[in-house]
Amino acid sequence: MIETIIDRAGNLKHIAKKIYEGKRLTADEGLSLYRSDNMPLLASLALFRKKQISGDSVFFNRNFHIEPSNICIYACSFCSYRRAKEQAGAWESDIAEMLELCKKHAGKNVTEVHVVGGVHPSRDLYFYGELIRGIKTVLPKVHVKGFTAVELDYMIRKAGLSIENGLEKLKTYGLDSIPGGGAEIFDSEIRKQICGKKSSAQLWLKIHELAHNTGLPSNATMLYGHIETYAHRIAHLEQLRSLQDKTGGFNAFIPLKYKNANNSMSHIGEINALEVMKNFAVSRLFLDNIPHIKSYWVMLGKGVAQTALNFGADDMDGTIDDSTKIYSMSGSEETSPAMSVYDMVQFISAAGFVPVERDSLYNIIQKF
Ligand code: V47
Ligand code: SF4
């Protein structure tokens with residue numbers, strides 16, 4: 001089968017052969033994949049690679065989100081969600097309110113809570129530490145995946161600690177891992193234009209490296225489909241791949257397609273579904289050392305997310321239970337995102353894969 005694929009790969013034959021032989025792709029080869037319109041070939045190669053890593057399995061977990069506040073000291077151009085403190089539509093939940101939400105999830109076999117929000121001006125590491133401690137009191141077995149590197153940078157500085165000590169401290173409060181947000185695009189010129197004020201690419205990478213060294217695994221993201229080029233995407237993926245060579249601490253990569261509703265970059269159109277699929281395939285093939293690629297259905301919509309499973313993605317994220325506003329505010333198809341385990345199983349099976357419930361570290365809980 002793969003031999004036939006290689007035979008029909010035309011000018012990408014040498015790349016197809018390298019993938020078959022398990023060899024690492026160069027930046028130029030990654031760019032050639034992005035520039036190709038041979039979608040059947042990209043799909044076949046990415047699926048071949050996905051099957052080497054996770055066979056027919058597609059993973060999901062039972063999770064919900066806590067979004068402590070959308071008040072943010074930054075104002076990234078692509079963000080539809082942040083508000084200034086007194087602005088209409090701003091919200092902030094206190095710890096008691098957030099723990100009430102956790103109580104609603106008790107007894108539902110939820111294994112993970114994802115905590116991400118704006119960079120709130122007056123909340124420091126000790127505030128979030130108490131939140132983590134409270135979550136673990138209400139849901140003792142839950143895995144807390146919390147805070148983008150950008151939130152961590154601010155809350156740790158505000159507490160007057162070094163990054164190393166801050167991460168250690170959060171770990172003692174009960175933080176288990178770090179989500180992938182805040183990476184956006186690492187290129188400094190593009191970053192300046194879309195989110196110039198917030199933590200630099202170098203700091204994002206440093207925080208993840210230190211987290212990995214502290215025993216906190218993490219995810220990585222890339223916000224794409226706005227003003228960046230394919231070369232910027234490859235450079236971004238290359239930096240993630242190098243850090244992963246060093247630490248091995250990334251569990252999953254989540255490509256985040258730019259959504260253009262209600263933000264100051266709304267004049268930029270959104271890329272089409274084929275470009276989204278191409279990005280999944282290239283990410284799977286180029287990131288040869290990050291085990292999982294997430295198709296984040298909340299952002300993509302269920303149909304596109306399901307299709308991405310044939311372009312190298314092997315993870316659907318989780319059931320969510322209508323607990324996130326970030327994507328509905330930027331124009332996502334899913335306005336009240338929630339999937340039951342039954343829905344998730346049907347959804348993955350219908351795409352031709354075996355649904356596997358996992359924990360946050362990809363240990364298998366059950367196969368369906
Ligand atoms: O960093 C903000 C992105 C991210 C828009 O680690 C946008 O498991 C598209 O990182 N269009 C936060 N994207 C979300 C995130 C995430 C989500 C799911 C799972 C995990 C994980 C991480 O959302 C931000 C930013 O890159 N974002 N606005 C927008 N208009
Ligand atoms: Fe703030 Fe994050 Fe939105 Fe940027 S993307 S404005 S850091 S909430």
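A backbone N or O atom of Lys259 sits 2.9 Å from a nitrogen atom of ligand 1. That is where I will start. Please keep in mind that what you see is a predicted model.

Two side chains also belong in this part of the talk. In Asn219, a polar side-chain atom is 3.0 Å away from an oxygen atom of ligand 1. For Lys145, the distance between an N or O atom of the side chain and an oxygen atom of ligand 1 is 2.6 Å. So Lys259 is listed with a backbone atom, Asn219 with a side-chain atom, and Lys145 with a side-chain atom too, each within the 3.5 Å limit for a polar contact.

How much of ligand 1 does the protein bury? On its own, ligand 1 exposes 620 Å², and 95% of that is buried by the protein. Two elements give two or more residues to the shell around ligand 1: β5, residues 218-224, and β6, residues 250-257.

Now the whole shell. Ligand 1 is surrounded by 22 residues. Lys145 is among the closest, together with Gly180, Gly182, Glu184 and Lys294. Sorted by class, the shell has eight nonpolar residues, eight polar ones and six charged ones.

Last, the cysteines. How many disulfides does the structure hold? The count is zero. Is Cys76 buried or exposed? Cys76 counts as buried because its relative accessibility is 13%, and the cut-off for buried is under 20%. Cys79 has a relative accessible area of 26%, so Cys79 is partly exposed.

That is all I have.

Notes. Residues are numbered from 1 along each chain as its sequence is written. Chains are lettered from A and ligands numbered from 1 in the order in which they are written. This is a predicted model: local features need pLDDT of at least 70, side-chain atom pairs count only at pLDDT 80 or more; totals for chains, interfaces and linings use all residues. Side-chain values use heavy atoms; hydrogens and water are left out. A residue is near a molecule or strand if one of its heavy atoms lies within 4 Å of it. A polar contact is a pair of N or O atoms within 3.5 Å; within protein, one must be able to donate a hydrogen and the other to accept it, and residues adjacent in sequence count only if both atoms are side-chain atoms. Accessible areas come from the Shrake-Rupley method with a 1.4 Å probe; for residues, only the protein chains shown count as cover. Helices (H or I, at least four residues) and strands (E, at least two) are DSSP runs, numbered from the N terminus. Ala, Val, Leu, Ile, Met, Phe, Trp, Tyr, Cys and Pro count as nonpolar, Asp, Glu, Lys and Arg as charged, and the others, Gly among them, as polar. A disulfide is a pair of cysteine sulfur atoms within 2.5 Å. Buried means under 20% relative accessible area, exposed over 50%, partly exposed in between (1.4 Å probe, protein chains only).
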